[in-house]
Amino acid sequence: MKIDAIVLRELHLPLVRPFETSFGVTTNRRVVLAEVRSEGLTGWGECTAGEHPFFSAESTESAWQVIVSELGPMLAAATPEHGGDCPKIFKLVRGNRMAKATLENAIWDLEAQREGVSLSRLIGGVRDVIPCGVSLGIQPTISDLMAIIERELAAGYQRIKLKCKPGWDVDVFERVRNRWPEIMLSCDANSAYKLKDADHLVGFDAFDLLMIEQPMWYDDFYYHSMLQKRLETPICLDESIRNRRDALAAIEMESCKIINIKLGRVGGFSEAIAVHNAAQERGIPVWCGGMLEAGIGRSHNIALSTLENFTLPGDVSASARYWREDIVEPEITVSSAGEIAIPDFPGRGYEVRTDLVNRLTVRKEEIRALELVG
Ligand code: OSB
Ligand code: MG
């Protein structure tokens, strides 16, 4: 595919309500979109980097810069036939996986359109609906949280994930479990604990949690393997898993029993599929994480979640939980059974509302092929 143009935009999108994790509060999202035009078709990618480098080393700003000055020109000078050709095109650039995923995922969207198949079909997805959970931020009070859980369960969500940190953990789990003894419940610490908290974390076993997500350091396997030996509850790694090799190391060392796959965190569909396959071959279930995506990133997550080993409900939920108006149509909805139906159209399956996108755009840059020196 000859790349005719790459248009990068930054949009400002306020969340319907603030989202608080152990590393901070997000109120407004700065969303970077890549529009890649090729041979009459348009593929879209969305960058999942946060506004600050608190989840990983990347941020909106760093991703913008790396796409504009490095990755964009490399892609514009290449003629990828497949989304899977992108890792090679970007090989010289180390890290910056969320920036890479922004462009690579747009090429997968283009490839699916060229082939006239849904993105789910293109990657070998096997589901026509996916199971959905919700990730609930830290709230001002436990009562506030209880009311939110009530609402999300009534809406049909199959699994409740509670963000936690020291001081917002066992007391919360106890209240929730007493009220809902049977629900699928998990927690996510985003690296808020250390190995010296192991005795405290062993106390989480009392609450029949489906998993404890990333309890300790964002870049660790060894201490998580020591912790997992002491826990009944499965550890799920999110931040630590950057690629297939990390997944193999974590599985081999028994640092986790479940893996959260995020397209941005691993650098795009190629590596996400590789992580999925490596986990599947070793009997490790996976699920699709979320990064407060707008509709384009969300539609990529939906397609990814149709792969066979995505057996647990993901953090892929309805547009309306995040946005007053999403940038795609139809917006993404979840049924009363807690499922999203996979659209059967060529590509991602959701139209981009270009008028709205243009209205929300605060900066825009067109990237052309550059002669690489050296
Ligand atoms: O760790 O899964 C995480 C949001 C931002 C950064 C990290 C995480 C999250 C979520 C939200 O848990 C998931 C979502 O609803 O998109
Ligand atoms: Mg997480």
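Which of the 16 residues around ligand 1 come nearest? They are Ser-135, Lys-163, Asn-190, Leu-292 and Tyr-322, where a residue counts as near if one of its heavy atoms lies within 4 Å of the molecule or strand concerned. This is a predicted model, in which local features need pLDDT of at least 70, side-chain atom pairs count only at pLDDT 80 or more, and totals for chains, interfaces and linings use all residues. Residues are numbered from 1 along each chain as its sequence is written, chains are lettered from A and ligands numbered from 1 in the order in which they are written, and side-chain values use heavy atoms, with hydrogens and water left out.

**Magnesium site**

- The magnesium ion (ligand 2) has Asp-188 (OD), Glu-213 (OE) and Asp-238 (OD) as its protein donors, at 2.1 to 2.3 Å.
- Along the chain these donors follow the spacing D-x24-E-x24-D.
- Asp-188 in strand β7 (residues 184-188) and Glu-213 in strand β8 (residues 212-213) are 25 residues apart, a pair that links distant parts of the chain.
- Donors are N, O and S atoms within 2.8 Å of the metal (3.2 Å for Na, K and Ca); water is not among the atoms, so sites may look incomplete.
- Asp-188 is buried at a relative accessible area of 1%, and Glu-213 is buried at 0%.
- Buried means under 20% relative accessible area, exposed over 50% and partly exposed in between, with a 1.4 Å probe and protein chains only.

**Ligand 1**

- A polar side-chain atom of Asp-238 lies 3.1 Å from an oxygen atom of ligand 1.
- The side chain of Lys-262 places an N or O atom 3.0 Å from an oxygen atom of ligand 1.
- From Met-291, a polar backbone atom is 3.4 Å from an oxygen atom of the ligand.
- Ligand 1 taken alone exposes 390 Å², of which the protein buries 97%; the areas come from the Shrake-Rupley method with a 1.4 Å probe, and for residues only the protein chains shown count as cover.

**Arg-265**

- Arg-265 is found in helix α10 (residues 263-266) and is buried, with 3% relative accessibility.
- Its side chain makes a polar contact with the side chain of Asp-238 at 2.7 Å.
- The Arg-265 side chain also reaches the backbone oxygen of Asn-260 at 2.6 Å.
- A polar contact is a pair of N or O atoms within 3.5 Å; within protein, one must be able to donate a hydrogen and the other to accept it, and residues adjacent in sequence count only if both atoms are side-chain atoms.

**Strands**

- Helices (H or I, at least four residues) and strands (E, at least two) are DSSP runs, numbered from the N terminus.
- Strand β1 (residues 5-21) pairs antiparallel with strand β2 (residues 24-38) over 13 bridges, pairing being defined as at least two DSSP bridges between two strands.
- β1 and β2 form a hairpin with two residues between them, and Ile-6 stands opposite Val-36 in β2.
- β1 also runs antiparallel to strand β15 (residues 361-367), joined by six bridges, with Lys-364 in β15 as the bridge partner of Arg-9.
- Strand β6 (residues 159-163) is largely enclosed by the rest of the structure, because five of its five residues are buried.
- Arg-159, Lys-161 and Lys-163 point one way from β6, and Ile-160 and Leu-162 the other way.
- Strand β5 (residues 133-136) pairs with β6 in the parallel sense over four bridges, and Gly-133 has Arg-159 as its bridge partner.
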